[in-house]
Amino acid sequence: MSIQPCEPFQIDVPQATLDDLRARLAATRPVPERDVADWGAGTSPAFLAALVEHWRTTYDWRAHEAELNRLSQFRARVRDTTVHFIHERGRGDAPLPLVLTHGFPDSFLRFAKLIPMLTDPAAHGGDADDAFDVVVPSLPGFAFSSGGASIFEIGDLWHALMTGTLGYGRFGAHGGDWGSTITEHLARSHAASVVGIHLTDVPFWHTFQRPSDVSPGEQAYLTALEQEQMRHGAYAMIQGTRPQTLADGLNDSPAGLASWIVDKFQRWSDCDGDVERCFSKDDLLTNVMLYWVTGTIGSSFLPYYDVVNAGVPRWILEKAKELVGSSKVPAGFALFPKDLSPPPREWARRFFNVQRWTEMPRGGHFAALEQPELLARDIREFFRPLRQSH
Amino acid sequence: MKKFVSLATGVRIEYEERGNPDGEPVVFLHGWPDSFYRYHRVAPVFADEFDVVVPSLPGFPFTGPLALGAHQPTRQSAELIWRLMTDVLGYQRFAIAGGDGGSVIAQIIAIDHPDSVIALHLTDLGWHVAATDPESVSTPERKYLLAAKKRFMADGAYAMVQTTEPRTLAPALTDSPVGLASWIVDRFHSWSEPFADAAANAGSAGDRRRGLSKDDLLTNLMLYWATGAIGPSMFNYCAEARSPSLTPADRVPRQVPAALALFPRDIGGVPPRALAERTLNVRRWTEMPRGGHFAALEEPELFARDVLDFLRPLVATDRHVTGETGHVHPAV
């Protein structure tokens, strides 16, 4: 395959964007009930007020931008999509290429702590033989990647990026949230290129068709997921059915955008209710900034819209991929206890060739940010026996 | 002519009263995401003959909110409206017209204070009916209920957000006029006749009797924007889900006659009459040729005619029976 054009990329947000943000933050209309600390009916008004105040008075985007720009970034045209990605070379004799895929409402930032542990394990208590060449793309429609590609096409895009743009032969893949769905698609459609996949959840779409012989553990998992959806699934329903109706407000109000995003970090992380146990205000805001400065909250909803509006033929096609043997790629799972609803092993076995199964002692949905050491070790150990084949 | 009243609970209610002080009282109750503005076209039609009261409900523009943890919040709203009509305005008996949340509040007032209510005129059955067990009813009712469930999955996410995480959404809609407009206008689009063309309305010089113009939409929006009421108005969903005020089994006493005026573009279209008759003494049933959820704004003539035709004979009888001729205004 020919190498496709690929440009180095540095983040450089126009000063006018930052000035406009400053003015909007200063003019934020008072959040109602700003002394209410409770998170039970959504984002805590008191926390949001403090976060917005920190954003306006203390948060220094340029410092974080400089920090992000220490990562080696590129933009490449892959089919019809401009893909922004981090590409960090491993330090070792034979680094294994590995593509890491984020989800919603995070960004490539999800892997900022994990990247050095994977590229340079020797410097992080590991072995240089476990080094990876790490590629972290921004999903289409997220941050600095252009939009338009459907969730069902992103696995193909990643394959083209890894092989066509970057010239790799075989490689590994890791992901969570949408990242786990995309990683699964990648493995199913391009099994010959993928040495193994490592996931932090079982892609949710498998619950759409319920098998008749569920185990008690599976039943408990499915029930818990259903309850979670009833209690806290409204965000996915609105993003999937009326994305523009919501995006208009979030794209116009920094406080509103922060409220919508931070809510998920609080609920899905292992923070015992106090989001700052897992993420500093700066951590939260840098992730929010990647949506704000690029105006991408609306396009980040499109995977939800794609899934809600996918027709029966699409799901038949996805199920059929199981039958043609493309789900035989070795799979490893690292399950974190405070993630949305950790599945039992037998559920994963229905859809994957499960070679490794680790139930972690702590951590949540954003494991790569919350427990990077635990996750890095699990990824290294999973891929160790698979390296010979790449 | 706007008035305020502060009730013992600390809630301040704004209301507008006009019309014939010797006329029979009728109170008009709005819903979400509209406001007292829903009735501004029809109120003058009633003014010669009736004493018209259009309150802003708790949590809506100009009226204070109920607490998020309130016990049976919609019942509390109903109690406030009843007190407004009786204790504050001094009416013994009154008629109620309502739609959306206003329909639910009307029914609660009739259940809790049947002796105060001359009649109910409703444009929908109320949200509580959706919880009816589809296996316990006739085939047409089951079909209607199942279709409602299906529609909710496709177009009900707004209510899920407002019920489960209103505080996550409220900051954006409070801070962004565009965001507020998008959230509210999407509901008007889903639930009403296609928007009237603004230019066509301008051409008809004030005779805007069909559909909604951009000005209609914006005036309603402005009430939310100017008062910051969008958050509190959504909290009503959350609070009511935590402590429901009405179940599908709750019946309005038969002594209170009810009329249903059903508009074809309203949410889910026209329900089967049998479903209404389970809990209401249905004395009038009108299936309208056009119009939607915001009927009093969209089709003021159709709406007003139906209310008048229903109420006129009832209030005449009522006056004869009770001997009431008007009321005494306490000092407000």
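**View 1. Contacts of Ile96(B) in the predicted model.** This is a predicted model. Ile96(B) is in contact with Val27(B), Leu29(B), Ala106(B), Ile109(B), Val117(B) and Leu120(B). Neighbours within four places in sequence are left aside in that list. Ile96(B) also belongs to the largest nonpolar core, which has 198 residues. Which residues have the most contacts inside this core? They are Leu257(A), Val26(B), Ile96(B) and Ile109(B). Helix H10 of chain A, residues 254-268, supplies the largest share of the core, with eight residues.

**View 2. Strand E5 of chain B and the way its residues point.** Strand E5 of chain B covers residues 94-98. Is each residue of E5(B) buried or exposed? Phe94(B), Ile96(B) and Gly98(B) point one way and are buried. Ala95(B) and Ala97(B) point the other way and are buried too. Because five of the five residues are buried, the strand is largely enclosed by the rest of the structure. In a regular strand, side chains alternate between the two faces of the sheet.

**View 3. The strands that pair with E5(B).** Strand E3 of chain B, residues 24-29, runs parallel to E5(B) and is joined to it by four bridges. Phe28(B) has Ala97(B) as its bridge partner in E5(B). Strand E6 of chain B, residues 117-122, also pairs with E5(B) in the parallel sense, over five bridges. Here Ala97(B) has His121(B) as its bridge partner in E6(B).

View 4. Gly102(B) lies in helix H3 of chain B, residues 101-112. Leu57(B) is 45 residues from Gly102(B) in sequence. In space the two are 8.4 Å apart, C-alpha to C-alpha.

**View 5. Where chain B touches chain A.** Across the interface, 30 residues of chain B are in contact with 28 residues of chain A. Several helices of chain B each supply at least two residues of the side that touches chain A. They are H4 (139-155), H5 (157-164), H6 (166-175), H7 (177-191) and H10 (230-242). Which helix gives the most? H6(B) does, with ten residues. By class, this side of chain B has 17 nonpolar, eight polar and five charged residues. For the complex, the predictor gives an ipTM of 0.94 and a pTM of 0.93.

**View 6. The open sheet of chain A.** Nine strands of chain A form an open sheet, in the order E1-E2-E3-E5-E4-E6-E7-E8-E9. The pairing is mixed. At the edges are E1 (6-9) and E9 (353-359), each pairing on one side only. From one strand to the next, the twist averages 25°.

**View 7. A strand pair of chain A and two helices packed on the sheet.** Strands E6 (residues 171-175) and E7 (residues 194-199) of chain A pair in the parallel sense, over five bridges. Phe171(A) stands opposite Val194(A) in E7(A). Helix H6 of chain A, residues 178-189, packs on the sheet and touches E4 (96-101), E6 and E7. Its direction makes about 155° with that of E6(A). Helix H17 of chain A, residues 372-383, packs on the sheet as well. H17(A) touches E4, E6, E7, E8 (330-335) and E9 of chain A. The direction of H17(A) makes about 150° with that of E7(A).

**View 8. Helix H5 of chain A and the glycine just after it.** H5(A) covers residues 154-165. Its buried residues are Ile154(A), Gly155(A), Leu157(A), Trp158(A), His159(A), Leu161(A), Met162(A) and Thr165(A). Just after the helix, Gly167(A) takes a positive phi of about 75°.

**View 9. Confidence along chain B.** Chain B has a mean pLDDT of 89, and 88% of its residues reach 70 or more. Over residues 201-209 of chain B, pLDDT is below 50. This stretch has six contacts in the model beyond near neighbours in sequence. Residues 325-332 of chain B also stay under 50. For them the model has 15 contacts beyond four places in sequence. Where pLDDT is low, the predicted coordinates should not be read in detail.

Methods:
Residues numbered from 1 in each chain as written. Chains lettered and ligands numbered in written order. Predicted model: local features only at pLDDT ≥ 70, side-chain atom pairs only at ≥ 80, totals over all residues. Buried ≥ 20, exposed ≤ 12 C-beta atoms within 10 Å, placed from the backbone. Core = buried A, V, L, I, M, F, W, Y, C linked by C-beta atoms within 7 Å. Contact = placed C-beta atoms within 7 Å. Pairing = 2+ DSSP bridges. Axes fitted to C-alpha atoms, helices over the stretch in contact; angles between N-to-C directions. Nonpolar A, V, L, I, M, F, W, Y, C, P; charged D, E, K, R; others polar. pLDDT = per-residue confidence, 0-100.
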